[in-house]
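Hi,

Here is the structure I promised to pass on. Please have a look at it first, and then read my notes below.

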Amino acid sequence: MRIVLTGAASLAGAEVLKSLLQRREATSIRLLLPTDEALRRQELHRLESYVGLFPAALSVFEAELTAPRFGLSVNAWEQFAGSFDVAIHCAQRENRDHDLAAARSANLLPIETWIALLQHNPALTLHHLSTAFTAGTRHGLYTEFDLECGQGFHDAYERSKYEAEVRLRESRVSDRVTIHRPSHTLGHASTGAAFELSGAYPLAATLASASLLPGDGRARVDFVPADYVGASIAALALAGASGTFHLACGWHASLSVKSAAAIAAGGLGRRKGAFLLPRIIAPALRIAGASSPGKLATRQQAFANARDLLNQGPVFDTFLADRALSAQGITRPAPERWLETAVRVAAARSWASSENPRAKSINVHLPASPVPVADVSAMNGRLYQRIGDINVAYHVAGDGEPVIFLHGVSGPHAWDGVVERIAVKRRAVVIETLGLSDTEGPETADYGPSAQAALVRGLLSRLDISSAHIIGNDVGGVIAQFFAVRWPHCVKSLVLSDCDAQGTWPPQHLSALTKLARLPGGTSALKLPIVARAAFRELAYDRRFLTSARVERYRETVAGSPEKRMRLRQFIRSLQKTDLATLQHMLGQLEVPTMIVWGADHGSASWARALYDSIPGARRLELIPFAGISCHEERPDLFAKSVTDFIDDVSR
Amino acid sequence: MRARAHSSIDDIGAEALAELPTGLDFAFGILRAMEKTLWGELLVRYVTVEDEHGTVLAFTPVYVGSNLNFNALLPKAIQSGYNAMVAGLGMAMATRVAVVGALISDKGGIPMHSRLADRSGAVKLMLEEIDRIAKEHHAQLTMLKDIHQDFPAADRAVMVAGGYTEGYSLPTIRINTDYPSFEDYLNKQVSKNGRKHARKQFAKAEGLYTLTAHDDYDAWIPRVFGLHRAVFLKAKYQFEELPPSFFAECAKSTNPKTELLVCERNDGRIVGSMLIFYSESEQQNKRIGIDYDIADSGLIYNLLNYVGIQRAIARGIKTLWLGQSSYLVKTRMGGDLEDQYLLLKAHDPLLKPTLPLQRWWMNRYSAASIRAGLEQGTQI
């Protein structure tokens, strides 16, 4: 049987591929991968690391899934249509946000092409990866025979997957379409391994780490392991099964939210699971989060997802799946046996951090750092260059090709973990942002990001750097964008991270600082630890990451003296005056090789995709799981690895 | 005599129930199928009254849980408000209800042995045991479900004396099928208009739809269950939600016997289905499934019911029960409405004051009220 598989480089898709490779019935497997070469190579590399060396029966086909005919010429499309028997469509956009346009583009557009392909070749069958959460807000039984049952939807993901199923059911090829609806998918049941920490991992992370959550302890939360999902889809596809299959636990086998919280917390070495409160109290919890940070999961997206998903209304019936899979010898392991392992392995992979006391207490050993670490003690020495009336502070470490780091509210030292990895082979220059650091300037100076880009340009001239790799996070990312559009010839590559230039402006996470800056003497209130903590609480995904020492460092960096507080006020005011329309227009013409790296749990993760789509030179989009705005500080190893791979590619 | 509670129908056994007038509603196979396919927080206990030799003299199931649609007969505003409260505050706020009787019965009561002399004593013992179960499982409300008009009024009086408030439940529909042929049934049981309508339905279906009955219908379930769900999701009163595994369990039952009637269009599309339970003396057209995507959905509904009636007559079955909905259509088929009663007991002091209001609201469900409504062209 000849198989075509999309979305192989995803949590479920990789497991489907793994299962297909183990089965003889699959005589040839063709992966549809992105047309972008760098991205394709990266996905292949990751896949091969996960599933093992590819056999000769596996081939790769370049396709743009959201384009008509997958971006193929008419002849190529005709050939493609006759080159396989079964298509398994696992590619999807899983973000649980409200960006319906993006969700529809990723989850609905490919469906139209699949329908056209099935109409073109009557021998083809399609297996479509959907989700059990097409049930949306329904309360009560949701069977494999249901779709439209008067439900609403919590987010764009649920709605777009529902619409895709409706489209497939109403099409003339519906009798050749099989729907697979997994519930919350996590890693491998026995080992906890996962191709990537997408799927239900953000929910599991919230469940494991939060102390207080808006959830219904008596409701069910339905987790299934990815290897069960992958093996089921592969087996049903190869057996020619048709219909809809719920790859879920159902009521009896799934866990109550209360039990799941306790088990997940156990995976982090915590003795007690999150305390659950009714969803009606969710708004109050959010407000309370401002005064008791560290206790609440108040990350906007994580919080909203918890509110919706930990009050699960539908009960998934698994009648058809149980019948079809028991005949194949595939059984579903009970979540109480594997959930803790999944969380523990995920935590070791991405939640642990050198400053995370919890990580130490549970004795988690990080895997060997993928990037060597340099001695960057020289970083501690601050250098200055006067550019006009501004005394620009900066740090230098390492030798070689220059890499410029621009920071935001978390300050220049947030880059330390990344710099020590980059400086092994390159010259790292961290430039301190005026208004958020020791860079000195008068009250009358222009603190706006455009003017700061000019400062960067001036400093590079002084340092005899004609072109460099530019990396910017937060407001530093906005400065980097201004720099790149004005002096693209000075940019070898551009890395943008969690730089909120596409959504609310000034950025949401600066709202507390903005309010303080408006009050007379308001920035002085940052001296109070509780105020400082509230002001910086949006920076990290994991609240425990915001230790008192770290908050104090942030405070000292941006508001440690009367001069700094004056500069902070001016900086905040400049943001309010900044016009981003021109910048966004110019980004549409930026050909510089660009990578977007985003904390997957930053509430604005959908902006990463928007930025990626708007920059013609954008080559890569990386999401760092279990990280927020300061993903470079929370996960320096992953961040540095991504950046190093990208810069190496560009430099070759 | 003593009352006992059992956690599985298998603990009692089919033989112990054989002497009781369980009818189809309390038949061993149906209760077993329900027990095996319960979902959500629902649990079941079986209360028996036994003599000193262990002979079961009276018997009823008690279902306890918070996912019972106990307010389906109340005003929509109350249902919506209740659902919103549970969605906002969580399942801890859901009302836990103990429902006494078969969950999917068309006609309720308490099956009692013919030799039982002290019926009221048995009812009292049973009510005490039901109260104990309700307390043990924190039920806030106990409902004695669908007590049929044929159940002795004296026994109902014992229930009222035991603290229950009595109101009307939806009436059930009985059809006399004690005729030698379907033609006789049409001529004697059905009105002139009904007769004309029935013949028209068969004429319209001629050559277009084929109905077949299947005893061994397990393999049909994946093909027809979607139709049954469509009817459930469209229903005005959504009571118990049955999973497909319930049908699979019913397919295994021999007590009562069951069969599946399947309606197929001439292009091979399955457009209707009906689950039938039957014994030697009675039949229930239990669950119907309709393809609402076709224009003839009304015709399919009628055909399934008429063919169900044909099969009852052919088997010599004298009574057919048509359920508790679609009164207009079913009276046209010759059905008679028979009163049923719902008896409520609140254990939660907040619910107690609402019972008189519920009783007042449910007066609209008396057979007389519904008949009057049908004559005036209104349906509940």
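Before the first point, a word on burial: a residue is called buried if 20 or more other C-beta atoms lie within 10 Å of its own, exposed if 12 or fewer, and partly exposed in between, with C-beta atoms placed from the backbone. This is a predicted model, in which local features need pLDDT of at least 70 and side-chain atom pairs count only at pLDDT 80 or more, while totals for chains, interfaces and linings use all residues. Residues are numbered from 1 along each chain as its sequence is written, and chains are lettered from A and ligands numbered from 1 in the order in which they are written. Helices (H or I, at least four residues) and strands (E, at least two) are DSSP runs, numbered from the N terminus.

Let me start with helix H10 (residues 244–252) of chain B. Seven of its nine residues are buried, so H10(B) is largely enclosed by the rest of the structure. The buried ones are B:Pro244, B:Ser245, B:Phe246, B:Phe247, B:Glu249, B:Cys250 and B:Ala251. Their cover includes H13 of chain A, along with helix H3 (28–36), helix H9 (221–234), strand S8 (257–265) and S9 of chain B.

Now the contact between the chains, where two residues are in contact if their C-beta atoms, placed from the backbone, lie within 7 Å. Chain A contributes 19 residues and chain B 17 residues. On the side of chain A that touches chain B, strand S6 (140–142) and helix H13 (319–326) of chain A each supply at least two residues.

Chain B also has an open sheet of twelve strands with mixed pairing, in the order S1-S2-S3-S4-S5-S12-S6-S11-S10-S9-S8-S7 (two strands pair if DSSP finds at least two bridges between them). Its edge strands, each pairing on one side only, are strand S1 (2–6) and strand S7 (209–214) of chain B. Within chain B, strand S9 (residues 270–278) and strand S10 (residues 282–290) pair in the antiparallel sense over seven bridges, and B:Gly272 has B:Ile290 in S10(B) as its bridge partner.

Finally, in chain A, six of the seven residues of strand S21 (residues 491–497) are buried, so this strand is largely enclosed by the rest of the structure. S21(A) pairs in the parallel sense with strand S20 (residues 468–473) of chain A over six bridges, and with strand S22 (residues 594–599) of chain A over four bridges. A:Asn473 stands opposite A:Ser497 in S21(A), whereas A:Leu494 has A:Thr594 in S22(A) as its bridge partner.

Best wishes
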